[in-house]
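Have the sequence and the 3D view ready.

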Amino acid sequence: MTEIWEPHAPAAAGGLRPLHAGGLDLRASGAATAREVADGVVEVTARGTGEVRIEWRVPCVDATALWTPEPRGTGWLPAAWSAPRRTGVAAGAPIAALVGTGDVALCAFAAERPDVLAGAGVVEETGEFRFWAEAPDHLTVRIDTSGRHYARCLADLTAWWGADRTAGIPEAARRPAYSTWYAMHQDVSPERVETQAALGKELGLDVIIVDDGWMTADRTRGYAHCGDWEPVSLPDTAAHVRRVHELGVRYLLWYALPFIGKDSAAYRKIGHHALADAAHLGAVVADPRHPEVRAFLTDRLVRAVEEWGMDGLKVDFVDWFARADAPPAGPGADCASVDEGVERLLAAIRRRITAANPEAMIEHRQPYVSPGLWPYVTMIRATDCPLSPQENRQRTIDVRLAAGPVPVHADMLMWHPTESPEQIACHLINVLFAVPQISVDLTAQSDGRREALAFWLGVFREHTATLQLGELLPARPDLGYPMVTARGADTVVVARYAALPVDASGDNWRTLLLANADTDPDVRLTGGSGTAAMTVRDARGRIVRQGGIELDRADPVPVPRGGLLTLRR
């Protein structure tokens, strides 16, 4: 095997020996085995003392992108000498795919354990694409070169991780939500929250998530006041929560889990158990390896459900526990690994809140999307991308492809007060295959904006089974997914973000929905046959065209920007 320059990769302990399975060119250290578990799918295991590594190469032919679930991680081919990525319980997921022309997976792989150092990139010397993965003592990877659609390969790999890792997903975790963050930032109060909850419920928002600001009277941002988690801005909290519940709205409360603010009483109590000093945030990062820290944080967080009657927690900044520079565990720690401490902490929180409310929810956020966290989470949100519809689309799809059975939420949707209903519809279409969160002042919306919101939230709610649980087939990750398709039992939903033709072929759909977020209204249907009943609605849900259509006709169907074409047969 040709040697390559790779300055960031650690030397493989004990050398690498060749393995053969499924036609792959494999190398591994330690005691290693390889077997073909399905057509084009190989499972490789290496065991040893210290770090063990598995690596392999494939011809880099017709390759277009390396897909990963990292924020902004997809859309190019890195060089083999690029820095590897480290995943763990608190950050990332050990999964990737080399995608080729036609959206086939030239090679997709996943590691069984979450804490992996992995490298991937083009070998300049040979024109191959090299993958390697490394972990202490033992490592198992699955490698898929079956040549199927990359999303199908990724779905099989996440299924290999095991859907039974989840502890049950409440139905409310898939319902559209209102978030206070972009709409209010820290300026929250019971009156403002209840007003938005009532207006949101009328539009189809069944959950409200109250973000930062509830635990402090300070409105200057930063995290110096985190840690005590007293409801300073939500007095008489339990009564306030009851009023929200009377509206038929579920309630989640935000916590910056790792941060112990330097202005808090908690800092004086547990601030000495710190992984790092986040001085620019006015806080330290708590060390979860200490049972004292875990007990304190658990007691603080579960009050929201146990005492105040809330329906769950938005657990933020878990990725701050993932620190390459973590100090050795100090006296009193009961585990050497930060990941183990994080798992113990999150397990204790989940156990307590579900004992109080079996339907309790927990939101996590990209980049902590590891399957190791699935037992402790009921939804994962795309990381912050305010007013960036394309970015929200790419991030929600990326997370969907790695999240297995866990619902994926969009970053909160916000817009300028003068935004058009058409653009608001496009914001929603861009996150059509996730759970939308809305974060604007609903009292300030015009009739047209409210109509667009209500119409598209209705589409999310009516077609949840297809949009969130159907087979997800996003096109062209190298171009940021200009078209995405979800296939359910008898419904197909397509979202079009560029002037592309729409495949209407197949006999197994009874309803086909086409959401148009492109300025070009002319939608060309391809591959279909027979007739269907057609309805075209604009961004506000108003019918602009109805009638029958011959699916094999050549003429495009005009669908306005932000509008919806529905075909039924």
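## A first look around

Ala295 counts as partly exposed because its relative accessibility is 41% (buried means under 20% relative accessible area, exposed over 50%, partly exposed in between, using a 1.4 Å probe and protein chains only). Before going on, note that this is a predicted model, where local features need pLDDT of at least 70 and side-chain atom pairs count only at pLDDT 80 or more, while totals for chains, interfaces and linings use all residues. Residues are numbered from 1 along each chain as its sequence is written, and side-chain values use heavy atoms, leaving out hydrogens and water.

Ala295 sits in helix H6 (residues 291-306); helices (H or I, at least four residues) and strands (E, at least two) are DSSP runs, numbered from the N terminus. Its C-alpha is 8.5 Å from that of Ala348, 53 residues apart along the chain.

Glu363, in strand E18 (residues 361-365), is buried, with a relative accessible area of 1%. Its side chain makes the polar contacts tabled here (pairs of N or O atoms within 3.5 Å; within protein, one must be able to donate a hydrogen and the other to accept it, and residues adjacent in sequence count only if both atoms are side-chain atoms).

| Side chain | Partner side chain | Polar contact |
|---|---|---|
| Glu363 | Arg381 | 3.3 Å |
| Glu363 | Gln437 | 2.9 Å |

Arg393 belongs to helix H8 (residues 389-402). What about its salt bridges (a side-chain nitrogen of Lys or Arg within 4 Å of a carboxyl oxygen of Asp or Glu)? Arg393 is buried yet has none, and the nearest side chain of opposite charge, Asp518, is 8.8 Å away. Here Lys and Arg count as positive and Asp and Glu as negative; His and the chain ends are not counted. Leaving out residues up to four places away in sequence, Arg393 touches Asn430, Gly480, Tyr481 and Tyr497 (contact means heavy atoms within 4.5 Å).

Next, helix H3 (residues 190-203): its 14 residues reach 20 Å from first C-alpha to last, close to the 20 Å expected at 1.5 Å a residue (the expected span is 1.5 Å times one less than the number of residues). Its buried residues include Pro190, Val193 and Leu203, and among the elements covering them are helix H4 (237-246) and strand E13 (250-256). Gly204 follows H3, with a positive phi near 115°.
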